[in-house]
Amino acid sequence: MTSAAAEKMWLRQWDEAIVAPPSPRHRVLVAVETILDTEGFPALGAGGSAALTTPRGGERVVGLASHAPAEDPDLDPSVVAEMLTLLVDPDFVRRGHGSRLLNATVDHLREDGFRQIVTWVFADNYAVLGFLESAGWGEDMAERVLDMGRPIRMIRLTTDIS
């Protein structure tokens, strides 16, 4: 598959996930940042680092979070949700996007009646582990190993939102 074909397929799948999620309890949240015109800030150059990809005064998706009822067999999907994704563009970290996405995820899940959230994290992703642990998440002793050409260990984190 060519990169153009892969991009087209990815965009179609993204549109389907946003427009028609598998259930009303599946959500995707996005963080958007307005890219300011930085011509008045010569040290940054015209438009700063985002000038090449974003029109002046435009907005750019800089992060996303997704969640759904938990599917692990040891969890009750009526009260336990899984945060499937929490990603922030590396060029936009440490600006509060991750915290806002995490808080919005918790708010939506509480409204939907969930009492607990789990998420799977690569065991060596110390940045995400530290971020989630600082927000009150902890390991629940579940782990899995993915075969990605070599074994990749993941650990499950959890937090109570009741």
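Biologist: In what order do the six strands of the open sheet come?
Modeller: The order is β1-β2-β3-β4-β6-β5, with mixed pairing. Strands here are DSSP runs of E, at least two residues long, and helices are runs of H or I of at least four, both numbered from the N terminus. Two strands pair if DSSP finds at least two bridges between them.

Biologist: What kind of model is it?
Modeller: It is a predicted model, where local features need pLDDT of at least 70, side-chain atom pairs count only at pLDDT 80 or more, and totals for chains, interfaces and linings use all residues. Residues are numbered from 1 along each chain as its sequence is written, and side-chain values use heavy atoms, leaving out hydrogens and water.

Biologist: How many bridges join β1 to β2?
Modeller: Eight, and the two strands run antiparallel. L29 has A65 as its bridge partner in β2. V30 stands opposite L64.

Biologist: And β2 with β3, how many bridges there?
Modeller: Seven, again in the antiparallel sense.

Biologist: Why is β2 called largely enclosed?
Modeller: Because eight of its 11 residues are buried. Buried means under 20% relative accessible area, exposed over 50%, partly exposed in between, with a 1.4 Å probe and protein chains only.

Biologist: Take S66 in β2. Buried or exposed?
Modeller: S66 is buried, at 10% relative accessibility. Its contacts (heavy atoms within 4.5 Å) include R27, V28, E82 and M83, not counting residues up to four places away in sequence.

Biologist: New topic. Which residues form the nonpolar patch on the surface?
Modeller: I18, V19, V28, V30, V32 and V61, with about 480 Å² of accessible area together. Patch residues have over 30% relative accessible area and no salt bridge, and nonpolar side chains are joined within 5 Å, like charges within 9 Å. A salt bridge puts a side-chain nitrogen of Lys or Arg within 4 Å of a carboxyl oxygen of Asp or Glu.

Biologist: Which element gives the most?
Modeller: β1, with three residues. The elements giving two or more are α1 (3-19) and β1 (27-34).

Biologist: V30 is in β1. What is its relative accessible area?
Modeller: 40%, so V30 is partly exposed.

Technical notes: Areas by Shrake-Rupley, 256 points an atom, 1.4 Å probe, with all protein chains shown as cover.
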